[in-house]
Amino acid sequence: MDTTDLQRYITKKALNNGALLVGYTKIRRTEPVIIMGFEYSDKWFFNFPITLTKKLGEVYFISKNVQDMIAKELKREGYITNYKTILSIYGDFRPLVVSAGLGEWGRNGLVVNKKYGSGLLYAAIFTNAPFKTENTLILQTSEKHCTECEECIKSCPANAFENNTFHLYRCMPYALKGCAQCLKVCKGNNC
Ligand code: SF4
Ligand code: SF4
């Protein structure tokens, strides 16, 4: 299979098996990375921690299955793969998600996708397959949409976004009690 066909095949396979978004970018400008977005919802917090743990487990199972399938396909084609799951605590996927065209930096400090808002969990597959990183093969892309909204800022009970800075110490006491108001109000965050 040539690389373009392989990229299309992988994108469709991921979307058909539970990924909501698939994009391609490069880390350190040279190493290809496949970024995938999976379901997340602030509503999971309502019965925190039982619902959160259960839902995270379900999405982890789906996303891991997708990553395993893609890794197997890439290996069959002779490429190296390595991946980080949605629960990976190493690294910050946000710059990769933005450069893969799956969202923009939001004023809530998260990546905001036009359709899903900030409500996504991301996983990454690193490979040496020479995939294209232009938008030609990305099936969903975002547009600029986070300039005048300010809903996350207005809704925050802790005033954690004062002066365009995120004040973590103000947020934490609320977040630990299950506050996710800034996610809830973010556009498209309805899953
Ligand atoms: S989680 Fe709650 S307290 Fe923290 S930034 Fe979001 S809205 Fe504010
Ligand atoms: S609530 Fe509005 S301003 Fe805040 S991150 Fe979402 S789109 Fe951007």
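Predicted model: local features only at pLDDT ≥ 70, side-chain atom pairs only at ≥ 80, totals over all residues.
Let me start with strand β1, where 5 of the 7 residues are buried, so that this strand is largely enclosed by the rest of the structure; buried here means under 20% relative accessible area, with exposed being over 50% and partly exposed in between, for a 1.4 Å probe and protein chains only. Residues are numbered from 1 along each chain as its sequence is written, chains are lettered from A and ligands numbered from 1 in the order in which they are written, and side-chain values use heavy atoms, with hydrogens and water left out. When I say helix or strand, I mean DSSP runs numbered from the N terminus, with H or I and at least four residues for helices, and E and at least two for strands.

Now to the sheet. There is an open sheet of 4 strands in the order β1-β2-β6-β3, with antiparallel pairing, where two strands pair if DSSP finds at least two bridges between them. Its edge strands are β1, residues 21–27, and β3, each of which pairs on one side only. Neighbouring strands of this sheet are turned by 25° against each other on average, direction ignored; axes are lines fitted to C-alpha atoms, for helices over the stretch in contact, and angles run from 0 to 180 degrees between N-to-C directions.

Going along that order, β1 and β2 run antiparallel and are joined by 7 bridges, and Thr 25 has Val 33 in β2 as its bridge partner. β2 also pairs with β6, again in the antiparallel sense and over 7 bridges; on β6, Ala 123 is the bridge partner of Met 36, and Leu 121 is that of Phe 38. On to β3, which pairs with β6 in the antiparallel sense over 4 bridges, with Thr 127 of β6 as the bridge partner of Thr 81.

Helix α1 lies across β1 and β2, running at about 135° to β1, whereas α2 lies across β2, β3 and β6, running at about 150° to β2. The 27 residues of α2, 50–76, should span 39 Å at 1.5 Å a residue, and its end C-alpha atoms are 39 Å apart, which agrees; the expected span is 1.5 Å times one less than the number of residues. After α2 comes Gly 78, with a positive phi near 95°.

Which residues of α2 are buried? They are Leu 52, Val 59, Ser 63, Val 66, Gln 67, Ile 70, Ala 71, Glu 73 and Leu 74, and what covers them includes α1 (3–16), β2 (31–39), β3 (81–84) and β6 (120–127).

The axes of α1 and α2 come within 10 Å and cross at roughly 160°. That makes α1 roughly antiparallel to α2, on a scale where under 35 degrees counts as roughly parallel, over 145 as roughly antiparallel, 65 to 115 as roughly perpendicular and the rest as oblique. In this pair, Leu 6, Tyr 9, Ile 10, Lys 13 and Ala 14 of α1 meet Val 66, Met 69, Ile 70, Glu 73 and Leu 74 of α2, contact meaning heavy atoms within 4.5 Å.

Glu 150, in the loop between β6 and α4 (151–155), has a positive phi of about 65° although it is not a glycine, and at 33% relative accessibility Glu 150 counts as partly exposed. Asn 159, in the loop between α4 and α5, likewise has a positive phi, near 55°, and is partly exposed at 38%. Arg 170, in helix α5 (residues 168–175), is partly exposed at 22%. Leaving aside neighbours within four places in sequence, Arg 170 is in contact with Ala 158, Asn 159, Ala 160 and Glu 162; Arg 170 and Ala 160 are 10 residues apart in sequence and 5.6 Å apart in space, C-alpha to C-alpha.
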